Amino acid sequence: MADQSNSSNRDAHPYATPKIYMVNKPKKIKISSEPNRGKPVKIQGKPVIANPIRHPRKKDGHLAPNSTRPNYNFSGPSSSAKTTEDSDLIYGRHPVLSALESQRGLNRIWITSRLRYDPRFHHLLLQAKDNGTVIDEVEPKRLDQITDGANHQGVAAQIAPYTYIELPELIEQAKTYTDPVIVVADGITDPHNLGAIIRTAEAIGAQGLVIPQRRASGITSTVVKVAAGALENFPVARVINLSRALEGLKAAGFWIYGTAASGSEPVHTVSFSGPIVLVIGSEGEGLSMLTQRCCDVLVSIPLQGKTPSLNASVAAGMALYEIYRQRSSNTLYLDKLQKNSFKKQEKRV
């Protein structure tokens with residue numbers, strides 16, 4: 001009994017520590033204000049989104065009024081800085097001189113005082129001025145700014161947009177030559193490659209170029225610069241549908257030869273004769289399957305080293321050289337036959 005009284009007395013003591021019974025109550029999560037909406041909150045190690053942003057929808061599946069659609073663009077905001085089509089600026093003595101000599105449309109010319117009165121430029125500059133071109137005499141530092149530090153050689157010009165020729169007109173012009181050659185660029189996106197192809201094709205004697213309108217470089221100032229004046233005497237046609245253009249060239253009597261690494265014949269074993277179209281594939285993927293189906297013959301350049309492929313402009317140059325090598329050798333052979341026949345006739349007389 002004493003123990004019980006002592007126990008009850010201890011419990012009734014004013015300074016006695018009361019017993020606390022823990023009850024498993026749900027934990028409260030403090031939801032912060034609007035700025036933290038959508039941030040993860042951990043509950044027992046599991047991430048939970050506090051106040052997820054929901055987008056109410058109508059029953060028919062469309063967004064409800066005053067609701068916004070979430071942005072699923074993971075590539076970031078679109079940049080409107082520079083596109084693949086560069087500016088209309090050419091620079092360097094030879095490109096600008098070629099543009100002046102061919103009376104190419106030039107909006108403005110920046111030139112140093114030393115070069116302006118050079119005999120090669122002076123008369124042509126006066127002629128361009130009469131045609132409405134603005135001539136600005138500037139210091140070399142100003143040209144450095146205009147060309148972004150490029151090797152301008154004392155002159156730069158703003159060219160008018162390039163004027164493409166229509167494909168039927170290109171075919172008509174090409175067929176005025178004996179055994180013409182037209183180059184087709186299938187998806188060349190690098191303007192340096194395209195300019196180099198144009199320069200090589202014009203220098204070796206081809207009659208023109210065909211390029212697609214989509215997914216390929218057009219005639220930009222970089223192309224003009226790399227072509228080094230070749231575009232002033234070399235027509236370019238830009239077509240919407242390359243396959244139809246190749247079919248049109250076939251109908252006009254051209255044989256279509258495409259460059260491809262696999263399933264093709266070595267270029268030096270193919271006999272090139274008559275009107276020819278040489279198709280060059282893009283830098284990375286080569287000829288598309290649709291373009292390959294349009295070709296009569298696929299040719300390749302045999303490689304002996306470990307490098308698996310060639311630059312598009314280099315491949316074009318090598319294939320074009322083989323075409324004209326065969327034709328020149330045939331011409332020399334015919335000339336020799338004619339000379340030998342004349343000698344035999346003289347001996348008989």
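Rings of Phe, Tyr and Trp (its six-membered ring) are paired when their centres lie within 6.5 Å; planes under 30 degrees apart count as stacked, over 60 as edge-to-face and the rest as tilted. By this rule the count comes to two aromatic pairs. One of them joins tyrosine 162 and tyrosine 164 in an edge-to-face arrangement, with 5.0 Å centre to centre and 75° between the planes. The model is a predicted one, in which local features need pLDDT of at least 70 and side-chain atom pairs count only at pLDDT 80 or more, while totals for chains, interfaces and linings use all residues. Residues are numbered from 1 along each chain as its sequence is written, and side-chain values use heavy atoms, with hydrogens and water left out.

Burial is expressed through relative accessible area: buried means under 20%, exposed over 50%, and partly exposed in between, with a 1.4 Å probe and protein chains only. Tyrosine 162 is buried at 16%, whereas tyrosine 164, at 26%, counts as partly exposed. Of the 349 residues in the protein, 38% are buried.

The protein has 11 helices and 13 strands; these are DSSP runs numbered from the N terminus, helices being H or I with at least four residues and strands E with at least two. Contact means heavy atoms within 4.5 Å. Among the contacts with a separation of 6 or more, 74% are between residues 24 or more positions apart.

Two strands are taken to pair if DSSP finds at least two bridges between them. Strands of a sheet pair through backbone hydrogen bonds, either parallel or antiparallel. Strand S4 (residues 106-111) runs parallel to S5 and is joined to S5 by four bridges; arginine 108 has valine 134 in S5 as its bridge partner.

A second open sheet contains seven strands in the order S9-S8-S7-S12-S10-S13-S11, and the pairing is parallel. S9 and strand S11 (265-266) stand at the edges with a single partner strand each, so one side of each is left without a neighbour in the sheet. Strand S7 (residues 181-185) and strand S12 (residues 276-280) run parallel and are joined by five bridges, and isoleucine 182 stands opposite valine 277 in S12. H9 packs on the sheet, touching S7, S8, S9, strand S10 (255-259) and S12, with its direction at about 165° to that of S7. Helix H6 (residues 167-174) lies across S7, S8 and S9, at about 160° to S8.

Leaving aside neighbours within four places in sequence, valine 239 is in contact with Leu167, Val210, Ile211, Pro212, Gln213 and Ala245.

Ala245 belongs to helix H9 (residues 242-251), in which Leu242, Ser243, Ala245, Leu246 and Leu249 are buried. Down the axis of H9 these residues fall within an arc of 160°, so they line one face of the helix; the arc is that of the directions from the helix axis to the C-beta atoms. The face turned away carries the exposed residues Arg244 and Ala251. Asparagine 241 caps the N-terminal end of H9, with a side-chain oxygen 3.1 Å from the backbone nitrogen of serine 243. Just after H9, glycine 253 takes a positive phi of about 100°.

Glutamine 207 is found in the loop between helix H7 (191-204) and strand S8 (208-212), and counts as buried at 14%. Polar atoms of its side chain lie 2.8 Å from the backbone nitrogen of valine 181 and 2.9 Å from the backbone oxygen of glycine 205.

Note on methods. Polar contact = N/O pair within 3.5 Å; in protein donor to acceptor, adjacent residues only side chain to side chain. Axes fitted to C-alpha atoms, helices over the stretch in contact; angles between N-to-C directions.
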